[in-house]
Amino acid sequence: MTAPEPPVAPGASGAPGCPVAHGGGRPGTVPGGLPVGVPLTPLYGPAVAEDPHGLYARLRERYGQVAPIELEPGVEAWLVLGYAELLELTRNEALFSKDSRRWRVPAEGRLATDSRLQPMTSWRPTLLNLDGAEHQRLRTAVADTLAQIDHRQLRGTTEAAANGLIDSWGPDGTADLVAQYARRLPLLVFTQLLGLPADAGPHLIRLINDISDSSAESVRANQEFHAVLVDLVRRRRAEPSADLTSWLLAHPAALTDEEAVHHLVVMMVAGNETTICWTGNTLRLLLTDRRFRATLTGGRLTVSDALEEVLWRDPPTQNFPGRWATGDTVLGGQYISAGDLLVLGLAAANADPAAQGVSTAAQGSLGGNRAHLAWGAGRHVCPAQHPARIIVETAVETLLHRLPDLQLAVPAGELTWRPSPWSRALNALPVLYSAFTPPRPPAPERPAWTPPQTPETAPNPSDSTPSAGTSTPRTPDSARPAPRSWWNSLAGWWSGR
């Protein structure tokens, strides 16, 4: 196809980052419209895991606010680094669509069937891949379903699960807060929210990890995960219950079984992975940043402030695919061709000096500022951020209340990150503590717990102690949610006991 010459903004001719400066426009391009002679920086491997902030800064310095990258060998894309450019990208559906079927790479036969990018870029009939009225129909169904979650009940459920995990740790005063806490806790909550059997948790963790990391097992994991949710939808269609799956199926938007399955995938993968990474990254901040920990324990900041700081510094999703150009255009001084993939550089946009300001940077804290782009922007902003915040905030507060003297078991420089181009997540977070509280006697046996639907079945407010906004240690006699025996037995089984 012969494309027109790219328009050049006034004063932009020959400017750094402009394709004209690297090859004279359209004739000097490789497939996808990227300029000849420009090395495509890999958005995979050690660089994106070990020092993503350095990588983004180097890309910004060399190319400006939109940089050419490589997602895997032979697969090119653009990484949007600028705060203003990312807002423009997400707010203009006419130029930048969510429909991945527009992507030129698979259309030209250059994306292998077993590509690790398939699970994150394949088109599905979900709110993530649609524009306009159809996107609004599906988004309304998901948002209304999530709105039915009782936030007080969710906090109590999360606190009970967190306490059960802490009680399952041995008395030696050591733990890995990623493997033994952050990675297990969300699934204990999500399996209940969706109506999945609790013993599905460990298997689902492995599948979600493989999908999110674009690992060699991504395709197989995606297929297996899909089969689990197909079975769940069939069962809940026949026998509705008080869970997200049943509420989604009953919504007036009348989702088909296929649509429901795909939206459960979105909830499980996006929601679970986000809460895992957000919890781990917040705990890392509190354990490695003495300034922040001191202001928290001194009452000048809250756990909520810490959560916001992490969303600015190390958001759970650092990059996200993406948008696809509907026609030839220009963004951030770069000539974008129809069918090009643009990756949302959420962490990079947050770090854009133009977005933070001199005064904020001088203060060194962004905790009270919620103008970050960790949740995306525009019509596709994440609809699950409020339940996610409750889970993560409760997880962090409960841990600090139970074990107020937590400290790293290794130097901070020895912490390593998962090699994911999408998620920002630690491999491990080993800690030491001395104020270990032994497991308490289990509560009397009671029927299996199910989420309440009516006020009559809702737990009494005195059954659980809402988490406070500070890290003041709780006394050993603090109130605990009622379903202790179920959580203790599940947490113990999950720990191999």
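In the predicted model, strands β2 (residues 66–72) and β3 run antiparallel and are joined by 6 bridges. Within this pair, Glu72 lies opposite Val75 of β3. The two strands form a hairpin with 2 residues between them, in which Gly74 adopts a positive phi near 85 degrees. On β3, a further set of 3 bridges connects to strand β9 (residues 341–344), and here the strands run parallel. Trp78 has Leu342 in β9 as its bridge partner.

Strand β3 (residues 75–80) is mostly covered, with 6 of its 6 residues buried. In a regular strand, side chains alternate between the two faces of the sheet. In β3, Val75, Ala77 and Leu79 point one way, whereas Glu76, Trp78 and Val80 point the other way, and all are buried.

A separate arrangement of strands was also examined. An open sheet is formed by 3 strands in the order β5-β11-β10, with antiparallel pairing. Strands β5 (174–176) and β10 (407–408) stand at the edges with a single partner strand each, so one side of each is left without a neighbour in the sheet. The antiparallel pairing of β10 with β11 (residues 430–432) extends over 2 bridges. Leu408 has Val431 in β11 as its bridge partner.

In soluble globular proteins, nonpolar side chains tend to be buried together. The largest nonpolar core of the model contains 42 residues, of which Leu194, Phe225, Leu229, Leu244, Leu264 and Met268 touch the most other members. Elements that contribute two or more residues to this core are α7 (132–147), α10 (185–194), α11 (201–212), α12 (218–238), α13 (244–250), α14 (257–288) and α20 (385–402). Helix α14 supplies the largest share, 8 residues. Leu229 touches Leu196, Val261, Leu264 and Val265, when residues up to four places away in sequence are not counted. A second, separate core comprises 41 residues, including Ala175, Val178, Leu185 and Ala388.

Two packed helices are described by the angle and the distance between their axes. The axes of α12 and α14 come within 9 Å and cross at roughly 120 degrees. This angle makes α12 oblique to α14, and the crossing is right-handed. In the contact between them, Phe225, His226, Leu229, Val230, Leu232, Val233 and Arg237 of α12 meet Asp257, Ala260, Val261, His262, Leu264, Val265, Met268 and Val269 of α14.

Methods
Residues numbered from 1 in each chain as written. Predicted model: local features only at pLDDT ≥ 70, side-chain atom pairs only at ≥ 80, totals over all residues. Heavy atoms only, no water. Core = buried A, V, L, I, M, F, W, Y, C linked by side-chain atoms within 4.5 Å. Buried < 20%, exposed > 50% of the residue type's maximum accessible area, 1.4 Å probe, protein only. Helix = DSSP H or I, 4+ residues; strand = E, 2+ residues; numbered from the N terminus. Contact = heavy atoms within 4.5 Å. Pairing = 2+ DSSP bridges. Axes fitted to C-alpha atoms, helices over the stretch in contact; angles between N-to-C directions. Parallel < 35°, antiparallel > 145°, perpendicular 65-115°, else oblique. Left-handed = near helix turned anticlockwise from the far one by under 90°.
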